[in-house]
Amino acid sequence: MMMTTTQRILDLAAAAPASLGEDLVLLLSEANELYQQGLQDLHRSVAARLGGLATAELMFAADTAGMPCDASQDRDEVILLLALAEWEMTPAAMAYAEMAEDAARRGVCLIPED
C-alpha cells in the first residue's frame, strides 16, 4: 500500500510531540519537504483547472479566497496564490503548520541560526 503525502504528514505530526532535538528536526524537515511537494502538486492541478480564466477573474478569485493581489502580479503568481489558499485548508497543511508552531515553541526550527 502506498502512503499519501497527507497521511505521511499526519503521521509525522502525530510523532512530533514525543520527539526532541535532532529527532524533531528530522521529522520537521521531512514534513516540510512533503508540504512543499503537496503544494507543488496542487499548484499544477489548480493551474490546469483555472488556466482558461481571464487574469481579472483570477484576481477576483484570489481576493475572494483571502489572498489579495495587485495588478503588478502576473497570472502565474495569482494562480500560485489560489493554490496556496486551497492548500492551506487541507489536513496535511494544517497538520504541518501545527507541527511547525509546536516545534518553534520548543525552540526547534528549520532556519539555521547565525
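This is a predicted model: local features need pLDDT of at least 70, side-chain atom pairs count only at pLDDT 80 or more; totals for chains, interfaces and linings use all residues.
**View 1. Helix α1 packs against helix α5.** Here you're looking at residues 5-15 (α1) alongside residues 91-105 (α5). Their axes sit 9 Å apart and meet at an angle of about 25 degrees. That angle makes α1 roughly parallel to α5, as the cut-off for that label is under 35 degrees. The crossing of these two helices is left-handed.

**View 2. The side-by-side residues of α1 and α5.** From α1, look for T6, I9, L10, L12 and A13. Across from them, α5 brings P91, A92, A95, Y96 and M99. Sort the residues of this contact by class and you get nine nonpolar, one polar and no charged.

**View 3. Helix α2 packs against helix α5.** Now the partner is α2, residues 21-50. The axes of α2 and α5 are 10 Å apart, at an angle of about 150 degrees. The two helices are therefore roughly antiparallel to each other, since angles over 145 degrees get that label. As α2 passes α5, the crossing is left-handed.

**View 4. The residues where α2 meets α5.** On the α2 side, pick out L24, L27, L28, A31, N32 and Y35. On the α5 side, the contact uses A93, Y96, M99, A100 and A103. By class, that's ten nonpolar residues, one polar and no charged.

**View 5. Y96 and M99 of α5, seen with both partners.** Y96 and M99 are among the α5 residues that meet α1. Y96 and M99 also take part in the contact with α2.

Key
Residues are numbered from 1 along each chain as its sequence is written. Side-chain values use heavy atoms; hydrogens and water are left out. Axes are lines fitted to C-alpha atoms, for helices over the stretch in contact, and angles run from 0 to 180 degrees between N-to-C directions. Helices (H or I, at least four residues) and strands (E, at least two) are DSSP runs, numbered from the N terminus. Angles under 35 degrees count as roughly parallel, over 145 as roughly antiparallel, 65 to 115 as roughly perpendicular and the rest as oblique. A crossing is left-handed if the near helix is turned anticlockwise from the far one by less than a right angle, and right-handed if clockwise. Contact means heavy atoms within 4.5 Å. Ala, Val, Leu, Ile, Met, Phe, Trp, Tyr, Cys and Pro count as nonpolar, Asp, Glu, Lys and Arg as charged, and the others, Gly among them, as polar.
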